[in-house]
Amino acid sequence: MHDTPEPMPLAEEDRAVDFLLDLVRALHLAYVPANVVESLMKGAAQGLGLRLELFTLQSFVATEVTSGARRRVDIERVPFNPHWNLRRSSGVLLVARAVAAGQLRLPEARAELERVVQQRPAYPEWSVFIAYGVYSAAVAARVGGAWRELAVAGLIGVVAGLIHYGTLQSMRMDLQKSFLAAFVGTLMAFGFSLLLPPFDLTRALFGGATLLIPAMVVTLGAAELVSESVEAGMTRLTYGLLRFLLLGVGIVAAARLWTLLLPLPADAQATPLPEPLVLALVALGGIALTVCMGGRRRELPWIVGAVLLAFGTQELTKLLFGGRGSPLLASFVLGIAGLLYARWPGRTATTVIMPGLLQLAPGFLGTQVIVALLQPGVPASGERFFDVLLVAAQLVLGLVFASAVVSAPGLPSRRPVSP
């Protein structure tokens with residue numbers, strides 16, 4: 001049985017509930033899984049002398065707040081922001097934990113939350129567009145591309161960044177931008193095939209559109225399913241799969257338009273760059289990712305370290321087990337590192353886990369499945385798409401096992417950590 005809190009004055013209760021609603025909205029925008037939102041919000045409500053029950057989906061939240069014998073129910077739609085922002089995510093998580101621990105009272109918590117949510121972007125837009133291109137090129141190298149794939153991916157990445165930021169003001173454009181980025185990126189890749197010797201279209205296209213590919217959304221949905229947030233997980237998983245579908249529609253539409261004038265270009269198999277050079281490019285990609293995700297400058301070494309740790313661990317598991325290695329083991333190591341990092345005051349596991357998971361999420365597998373639609377005679381795409389879900393499940397389980405070994409402050413060890 002829960003202890004019923006003593007009732008507070010009605011005006012103060014209204015201010016506290018309004019703050020909690022703003023906090024849950026901010027956590028939702030920060031890409032925090034539903035089970036972690038529930039844990040953080042219950043702790044924050046308790047820190048304010050209230051009891052809260054919460055139900056949240058992709059764009060919906062319902063809360064029941066109890067104060068003495070009074071109950072207040074609020075149901076509202078919440079916006080969905082498709083843009084990762086590490087600085088905002090870390091700030092919101094720290095506010096929620098501070099309120100739960102009694103370190104911030106309501107006026108201070110309100111002021112700090114507003115400061116975090118309304119802070120200006122850490123980097124000018126032009127630098128973010130460049131960072132999109134640099135990171136896209138680094139990803140193309142990470143998945144086995146050579147110099148031509150890097151060049152094409154970098155140029156597509158800049159355009160993908162322009163599309164992404166140009167549509168941020170309209171949350172309804174998140175699905176449409178997946179189609180638009182795939183459509184424009186595919187036409188760009190086909191166009192470059194007329195100017196350059198044959199190159200690997202799949203690796204170039206995946207590198208260019210990597211930050212718009214919803215592999216992380218699929219992984220978060222799987223995490224919510226594992227943590228028994230079934231409704232939230234199914235909604236997020238369906239949304240991620242729909243974005244994958246629109247990427248496929250964009251690629252197929254571009255190919256159909258191209259074939260009205262010219263035959264589809266030949267797809268060549270890339271020769272991977274030397275491993276030391278790939279490692280250096282992955283580190284450079286980590287620097288660019290700090291800018292793309294709005295990380296703080298003091299966090300740059302940790303973000304680059306997380307990127308290298310995830311990539312290096314995955315490559316090591318490939319040597320040990322062959323094939324694609326062990327995403328489960330790689331995410332376990334990453335989760336341990338993120339949770340240990342979160343033990344420092346003022347730090348959150350998100351700073352390490354988000355960038356690292358981007359190196360492990362099954363976006364390249366999904367892109368291969370989509371591009372296979374253009375190539376008759378390839379293995380059944382249904383079987384290959386099952387591999388996408390299998391990798392996502394392994395990533396989630398790795399984080400679950402890590403959270404069972406090391407618990408971040410303010411998060412119960414039995415729940416998956418926030419990616």
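Glu112 counts as partly exposed, since its relative accessibility is 25%, a value between the 20% limit for buried and the 50% limit for exposed residues. In this predicted model, Glu112 forms a salt bridge with Arg115, with 2.7 Å between the closest N and O atoms. Arg115 is likewise assigned as partly exposed, because its relative accessible area is 46%. Both residues belong to helix H4 (residues 106-118), where they are three residues apart, about one turn of the helix.

**Salt bridges**

- The whole structure contains twelve salt bridges.
- Asp18 pairs with Arg72, and their closest N and O atoms are 3.4 Å apart. This pair links distant parts of the chain, with Asp18 in helix H1 (residues 10-29) and Arg72 in strand S3 (residues 70-77), 54 residues apart.
- Asp18 has a relative accessibility of 37% and therefore counts as partly exposed.
- Arg203 and Asp200 meet through their side chains in a salt bridge of 2.8 Å, N to O. Arg203 counts as buried because its relative accessibility is 15%, and Asp200 counts as buried because its value is 3%.

**Nonpolar cores**

- In soluble globular proteins, nonpolar side chains tend to be buried together.
- The largest nonpolar core comprises 67 residues. Those with the most contacts inside this core are Trp84, Leu150, Leu273, Leu289, Met293, Leu357 and Leu360.
- Helix H5 (residues 125-142) gives the most to this core, contributing nine residues.
- Leaving aside residues up to four places away in sequence, Trp84 touches Tyr31, Met216, Leu220, Cys292, Met293 and Met354.
- A second, separate core has 35 residues, including Leu23, Leu27, Val61 and Val92.

**Nonpolar surface patch**

- Leu194, Leu195, Leu196, Leu257, Leu260, Leu261 and Leu262 form a nonpolar patch on the surface, and together they have about 750 Å² of accessible area.
- Leu196 is placed in the loop between helix H7 (173-195) and helix H8 (201-209).
- Leu196 counts as partly exposed because its relative accessibility is 31%.

**Helix H13**

- Helix H13 (residues 327-341) has 15 residues and should therefore span 21 Å at 1.5 Å a residue; the end C-alpha atoms are 21 Å apart, in agreement with this expectation.
- The buried residues of H13 are Pro327, Ala330, Ser331, Leu334, Gly335, Ile336, Gly338, Leu339 and Tyr341.

Methods
Residues are numbered from 1 along each chain as its sequence is written. This is a predicted model: local features need pLDDT of at least 70, side-chain atom pairs count only at pLDDT 80 or more; totals for chains, interfaces and linings use all residues. Side-chain values use heavy atoms; hydrogens and water are left out. Helices (H or I, at least four residues) and strands (E, at least two) are DSSP runs, numbered from the N terminus. The expected span of a helix is 1.5 Å times one less than its number of residues. Buried means under 20% relative accessible area, exposed over 50%, partly exposed in between (1.4 Å probe, protein chains only). Patches are made of residues with over 30% relative accessible area and no salt bridge: like charges are joined within 9 Å, nonpolar side chains (Val, Leu, Ile, Met, Phe, Trp, Tyr) within 5 Å. Accessible areas come from the Shrake-Rupley method with a 1.4 Å probe; for residues, only the protein chains shown count as cover. A salt bridge is a side-chain nitrogen of Lys or Arg within 4 Å of a carboxyl oxygen of Asp or Glu. A nonpolar core is a set of buried Ala, Val, Leu, Ile, Met, Phe, Trp, Tyr and Cys residues joined through side-chain atoms within 4.5 Å. Contact means heavy atoms within 4.5 Å.
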